[in-house]
Structures are given as C-alpha cells and as structure tokens.
Amino acid sequence: AVATGKPRVTFGIIAVCAVVYALQWLIPGQVVYEQFAYNNVFATPQYGVFEPWRMLTAAFLHSPDSLLHIILNMYTLWIFGQALEPLLGRARFLALYLISAVGGSVGYLLLNPVLVPGQGLVGVVGASGAIFGLFGAMLLVQRHRGGETRQLWVLIAINGVIGFLIPQI
C-alpha cells in the first residue's frame, strides 16, 4: 500500500541513528561500537560468525569522529526517504532499507580484508549500504517514469569514491 502523509519510517530511522550516535558520545569507551559494528565473518566470532545481526546494526552506527558522516547519511536518507516512502509504502520502504543495509555489509565482506595492515581488526559503521539501496531504488523509479538519471549517477559515483577513500565507511 502506498503511504500518505509524513514519511514516518524515514523519520524513525533517522531518529534511531541519532539516538545511537548520541549514545556513542554518552557511554564511555567504545561500548556501543563494540556491540553493533560489523567486520568480516571470518575475523572473529565477536564480529560476525556468531553475531550475524551486526550486518544490520552497523547501519545504525556512525563514526563519532566525524559529525559529517552522520549528517550526510541522514540528509540523504531524508531526501530519498521523502521521495521513495510514499511511492513504495512504509513496509516496502522499511524492507528496502533493511535489506540494503545487510547488502552493504555483504559488500564489505566481499571487498575488504579481515585485517587492515597497521590497524588490525577494523569494523564498519554507517548507513551507506542502505543509502546505496535507496539510490538503486530511485534509479529504477526514475527509469520506469522516463525521468533523468544523470545526476543520480553522479551522486552514486561520488559516494562510491568516498566509500573507498575514507576508512571504516
């Protein structure tokens, strides 16, 4: 069913990410990171094999060292959520977001080494995988409607480059 009114799921996801980000600042140490970050399944039982939910929970964490990380992800979610949630309906939009978040973790699993030289075991955080899923959905919507997609491709390319240049994102 198509949703009407405010994009509640979008606002809910943004709220959860903001609360988790605040908890990362309020709880001493890296307790929140250690509980929710994701690393390759082959790394240690702590980061994957026995805790597969981390593939999803990492999408609600953001680097506490970079305010820009959460701001850009939530701004992009806000823009694309307002466009896609009414078209897809709340349940489908939530499913798209969550499946895309897990897909982002699978991409991380396939593209990254278990141990980073000089850093050791490194987990990944951020909603970028889920955001890329929203990009893909918007591409499909735009193509189906016969709309222009060039700007969206540029946005995807920029975000893809950022993902490879900034560690842990």
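Visitor: What share of the 169 residues in the protein chain is made up of buried residues?

Guide: In this model, which is a predicted one, buried residues make up 38% of the 169 residues in the protein chain. The accessible surface of the chain comes to about 9,600 Å², and 70% of that surface belongs to carbon and sulfur atoms.

Visitor: Which elements does the protein chain hold, from the N terminus on?

Guide: The chain has 7 helices and 2 strands, and from the N terminus on they run in the order α-α-α-α-α-β-β-α-α. Among contacts between residues at least 6 apart in sequence, 74% join residues at least 24 apart.

Visitor: Why is Ala59 called buried?

Guide: Buried means under 20% relative accessible area, and Ala59 has a relative accessibility of 4%, so Ala59 counts as buried. Ala59 has its place in the loop between α3 and α4, where, leaving aside neighbours within four places in sequence, Ala59 is in contact with Cys17, Tyr97, Ala101, Gly126 and Ala127. The C-alpha atoms of Ala59 and Gly104 are 8.5 Å apart in space, although the two residues are 45 residues apart in sequence.

Visitor: What makes Phe60 count as buried?

Guide: The value for Phe60 is 17% relative accessibility, and since the limit for buried is under 20%, Phe60 counts as buried. Phe60 also lies in the loop between α3 (54–57) and α4. Not counting residues up to four places away in sequence, Phe60 touches Ile13, Val16, Cys17, Val20, Tyr97 and Leu98.

Visitor: Why is Ser100 called buried, and what lies 2.7 Å from a polar atom of its side chain?

Guide: Ser100 has a relative accessible area of 11%, and because buried means under 20%, Ser100 is called buried. Ser100 is found in helix α5 (residues 90–111), and the backbone oxygen of Leu96 lies 2.7 Å from a polar atom of the side chain of Ser100. Not counting residues up to four places away in sequence, Ser100 touches Gly129, Ala130, Gly133 and Leu134.

Visitor: What is the handedness of the crossing of α4 and α6, and which residues make the contact?

Guide: The crossing of α4 and α6 is left-handed, and the two helices, α4 with residues 67–88 and α6 with residues 128–145, pack at an angle of about 35° with their axes 10 Å apart. Among the residues that make the contact are His69, Asn73 and Phe80 of α4, and Ser128, Leu134 and Arg145 of α6. By class, the contact has 11 nonpolar, 4 polar and 1 charged residues.

Visitor: What makes Ile156 and Thr149 buried?

Guide: Ile156 has a relative accessible area of 16% and Thr149 has a relative accessibility of 15%, and as buried means under 20%, Ile156 is buried and Thr149 counts as buried. Ile156 is found in helix α7 and is in contact with Phe132, Phe135 and Leu139, leaving aside neighbours within four places in sequence. Thr149 is found in the loop between α6 and α7 (150–165), and touches Leu139, Gln142 and Arg143, not counting residues up to four places away in sequence.

Conventions: Residues are numbered from 1 along each chain as its sequence is written. This is a predicted model: local features need pLDDT of at least 70, side-chain atom pairs count only at pLDDT 80 or more; totals for chains, interfaces and linings use all residues. Side-chain values use heavy atoms; hydrogens and water are left out. Axes are lines fitted to C-alpha atoms, for helices over the stretch in contact, and angles run from 0 to 180 degrees between N-to-C directions. Helices (H or I, at least four residues) and strands (E, at least two) are DSSP runs, numbered from the N terminus. A crossing is left-handed if the near helix is turned anticlockwise from the far one by less than a right angle, and right-handed if clockwise. Contact means heavy atoms within 4.5 Å. Ala, Val, Leu, Ile, Met, Phe, Trp, Tyr, Cys and Pro count as nonpolar, Asp, Glu, Lys and Arg as charged, and the others, Gly among them, as polar. Buried means under 20% relative accessible area, exposed over 50%, partly exposed in between (1.4 Å probe, protein chains only). A polar contact is a pair of N or O atoms within 3.5 Å; within protein, one must be able to donate a hydrogen and the other to accept it, and residues adjacent in sequence count only if both atoms are side-chain atoms. Accessible areas come from the Shrake-Rupley method with a 1.4 Å probe; for residues, only the protein chains shown count as cover.
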